[in-house]
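Please open the model in your viewer and keep the selection tool at hand, as this tour goes from one place to the next and says what to look for at each.

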Amino acid sequence: MAALKFAPSHEWIRVEESPAAGSVATIGISSYAVEALTDLVFMQLPQVGRRVKAGESFGEIESVKAVSDLYAPVGGEIVEVNAALPGTLDTLASDPYGKGWVAKLRIDDPKELDKLLDQAAYDASVGRK
Amino acid sequence: MILLHRFDRPADGPTNMAADELLADRLPPGGIAIRFYGWREASLSLGAFQRFDERDDVPGLSSLPVVRRPSGGGAILHGTDLTYAVAVCRSHPWGETTQRLYDAVHGAAVELLRGLSLAPRLVEAGEPPAVAEREPYLCFDRRSPGDVVVGDDKVLGSAQRRHRAAVVQHGSLLLRRAGRGSGIEDFLGRGVDLPSLCQEWVAGIASAAGADPRPDVRPVGDALGEAWSAAVGRYRDDAWTRRR
C-alpha cells in the first residue's frame, strides 16, 4: 500500500496509480486531529465532481463545541466520497486510515504532493514520536 | 502580545456575523481580538448545521429573524443576552485545541460572576444533561463540559469555528430570563452595566493570556469596502441560512 502523506492542516492523502483513472488520491483526517476534535456529531461531505484547489476547504466536520473545515491537501476533482461516513462517524476514530476515509480525488498536479509531510515529519509536527 | 477588544452597538444578525468574520481576518499576528455586542431586535442564531425547519418545533421561534452562524452548537435566542466573538490565531496556544480557548474565556467569566457575588461553576465532564433524550435545539437547554451554570441554569455557552489560520469562538452570556433558564440579572435582581462588565471580562482574559489589552478602534462596516459587503451578503443569503 502506498505511503501516507499529511497536510499541516491534519488531512492525510494516499495516492493509488490507476492506468484507467490516472493518479487518484484517497483523503482522510489524521488520528491526531480526530482525537482533538472529540465527540463528533455531523459531517458535510463534498459533492462528487467538484473541483478543488490545494488548501481549499472541501468539507466540514462538527463536534460538540466546534465546526472545523477540511482542506484539500492537493488540487483536483472529487471523484468519490465515503457516503456512509456521516452516519458512522465513530469510524473516523476506530479506523482513520482505512474505513474512515473521506473522499477520493483525481489529482491535477502530482508535484503538489512534494509539499506535503511524510509520516515522521507530521508526527513530529504534532508532538508524536 | 496584544488583546484587541471592542464593544459594538446592537446590529442585525448578518451585520454581526460579518463583523465577527472580519475580526478573525484582521487579527494581529499571534494575537487575540474580542468583540462584545447586542442585537437590534430579538433574533435567532442557528448553529452551523442545525436544521432550519426544526425551529418550528420550539414555540416562539418561527416569527424571529434568523441568521446562521459559522460556528457550531445550538440555537440562541438573542435580545436578552450579551454576545461575544473572540478570534485567536491558530499559532496561539489557545488556538491549538477546542477546549483551551473555551476554558480560558469561560474561566474568566466565572471569576467575573463571582465578583458580582454570584456562585457560578463550570459543568464537568460526565455530568448528566439537563434535558434528556435527543440534543435540545436551544443552546441554553444543552450542557457540555466547560459551560457556565448558576445553580441549575446555564448562563454562558460558546461554540467555535476552526479555520486554518484562526479560531472564532461565539458565546452568549444570558442576562435575563429566556425560555427555561434565568440570566445573571435575574439572579442579581438588578441590571448590570454592560460596558463595565465587558471591561472586567477583558481584563480577566488578558491576564490569563498574559496579553496587553488595547481598545480596537479600527473601523468596521462600509469602511472595509468589498470584504465587508461580501461578508454581509453571505450571511443575508437565504441559501446559507437554510443550508440544512
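Select B:Arg114 to begin: this residue is partly exposed, with a relative accessible area of 45%, where buried means under 20% relative accessible area, exposed over 50%, and partly exposed in between, computed with a 1.4 Å probe on the protein chains only. Its side chain meets that of B:Glu111 in a salt bridge with an N to O distance of 3.0 Å, a salt bridge being a side-chain nitrogen of Lys or Arg within 4 Å of a carboxyl oxygen of Asp or Glu. Both residues belong to helix 2 (residues 98-114) of chain B, and because they are three residues apart there, about one helical turn separates them. Helices (H or I, at least four residues) and strands (E, at least two) are DSSP runs, numbered from the N terminus.

Before going on, note that this is a predicted model, in which local features need pLDDT of at least 70 and side-chain atom pairs count only at pLDDT 80 or more, while totals for chains, interfaces and linings use all residues. Residues are numbered from 1 along each chain as its sequence is written, chains are lettered from A and ligands numbered from 1 in the order in which they are written, and side-chain values use heavy atoms, with hydrogens and water left out.

Stay in helix 2 of chain B and select B:Ala104, which has its place there and counts as buried at 12% relative accessibility.

Next, follow the chain to B:Ser117, in the loop between helix 2 and strand 7 (120-122) of chain B. This serine is exposed, with a relative accessible area of 69%, and its phi is near 70 degrees, a positive value in a residue other than glycine.

How many salt bridges does the structure hold over all chains? The total is 22, and side chains of opposite charge can pair when their charged atoms come close. In chain A, select A:Glu56 and A:Arg50, whose side chains meet in one of these bridges at 3.2 Å, N to O; A:Glu56 is partly exposed at 28%, and A:Arg50 is partly exposed at 30%. Back in chain B, B:Arg242 forms a salt bridge with B:Asp238, with the closest N and O atoms 3.0 Å apart. A further set to colour together is B:Arg6, B:Asp8, B:Asp20, B:Arg35, B:Asp216 and B:Arg218, which are joined into one network by salt bridges that share partners.

**Inside the network**

Centre the view on B:Arg6, which lies in strand 1 (residues 2-7) of chain B and is buried, with a relative accessible area of 13%. Its side chain reaches the backbone oxygen of B:Asp216 at 3.3 Å and the backbone oxygen of B:Arg218 at 3.0 Å. Leaving out residues up to four places away in sequence, B:Arg6 touches B:Ile34, B:Arg35, B:Phe36, B:Asp216, B:Arg218 and B:Val220, where contact means heavy atoms within 4.5 Å.

**Two stops in chain A**

Is A:His10 buried or exposed? At 17% relative accessibility, A:His10 counts as buried, and you will find this residue in the loop between strand 1 (5-6) and strand 2 (11-18) of chain A. Its phi is positive, at about 85 degrees, although A:His10 is not a glycine. Beyond its neighbours within four places in sequence, the residues in contact with A:His10 include A:Gly28, A:Tyr32 and A:Tyr122.

Then move to A:Glu80 in strand 8 (residues 76-81) of chain A, which counts as partly exposed at 36% relative accessibility. With its neighbours within four places in sequence left aside, A:Glu80 is in contact with A:Val48, A:Trp101, A:Ala103 and A:Lys104. The C-alpha atoms of A:Glu80 and A:Pro46, which are 34 residues apart along the chain, are separated by 9.1 Å.

Technical notes: Polar contact = N/O pair within 3.5 Å; in protein donor to acceptor, adjacent residues only side chain to side chain.
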